[in-house]
Amino acid sequence: MKIVIASDHGGVTIRKEIAALLEEMQVEYIDLGCGCGASVDYPDYARLAADKVASREVDRGILVCGTGIGMSIAANKVKGIRCALVHDTFSARATREHNNSNMLAMGERVIGPGLARDIVKIWLETPFESGGRHENRVNKIEEMEQV
């Protein structure tokens, strides 16, 4: 599995925690930054990461900003992206099992690094329940992109 991670200025600390976790888990990743302390535009980083997921250069992506809201909205504008905004472990598991999410967004001002690590670990390790009602629903979401 190969992951892309990115953040704006509001998510640098948790992005670094996620990078450390990925290294511990021996998961290959690309870190797109940002590495700055100055304010940057979150859509720019969300787009860079979402394009890598949509093109299948990587398998999944993880985004962090202050709340996770802006990153998730921006990423979901890219065709083929199912980015879930998650701040608890139950939702991390459910969005993989039921929605086959391929991107995860979190807010550094909402959760701490320990919970972020737990969420990422669960999200990475949880498979999609393919077949049946969940796959049918994801297919309907993909059909909406064709309009």
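**Notebook: salt bridges and cores**

I started with a network of salt bridges that links E17, E24 and R117. For the record, I count a salt bridge when a side-chain nitrogen of Lys or Arg is within 4 Å of a carboxyl oxygen of Asp or Glu.

Ground rules before going on. This is a predicted model, where local features need pLDDT of at least 70 and side-chain atom pairs count only at pLDDT 80 or more, while totals for chains, interfaces and linings use all residues. Residues are numbered from 1 along each chain as its sequence is written, and side-chain values use heavy atoms, with hydrogens and water left out.

Entry: I looked at R117 and E17, whose closest N and O atoms are 3.3 Å apart. R117 sits in helix α5 (residues 113-125) and E17 in helix α1, 100 residues apart, so I noted this as a link between distant parts of the chain. My helices (H or I, at least four residues) and strands (E, at least two) are DSSP runs, numbered from the N terminus. E17 comes out partly exposed, at 29% relative accessible area. The scale I use: buried is under 20% relative accessible area, exposed is over 50%, and partly exposed is in between (1.4 Å probe, protein chains only).

**Entry: the other bridges.** I searched the whole structure and got eight salt bridges. One of them joins R15 to D31, with 2.8 Å between the closest N and O atoms. R15 is in helix α1 (residues 12-24) and D31 in strand β2 (residues 28-31), so this pair ties together parts 16 residues apart in sequence. R15 is buried at 5% relative accessibility, whereas D31 is partly exposed at 35%.

I also checked E125 with K121, a salt bridge at 2.7 Å. They are four residues apart in helix α5, which means about one helical turn separates them. E125 is partly exposed at 48%, and K121 is partly exposed at 36%.

**Entry: the cores.** Which residues have the most contacts inside the largest nonpolar core? I found I18, I62, L104, M106 and V120, in a core of 22 residues. Two or more residues each come from β1 (2-7), α1, β3 (60-65), β5 (103-107) and α5, and α5 gives the most, with six. By nonpolar core I mean buried Ala, Val, Leu, Ile, Met, Phe, Trp, Tyr and Cys residues joined through side-chain atoms within 4.5 Å.

Leaving aside neighbours within four places in sequence, I18 is in contact (heavy atoms within 4.5 Å) with I5, I62, V64, M106 and V120. Apart from this core I logged another, of 21 residues, including A50, V58, M71 and I81.
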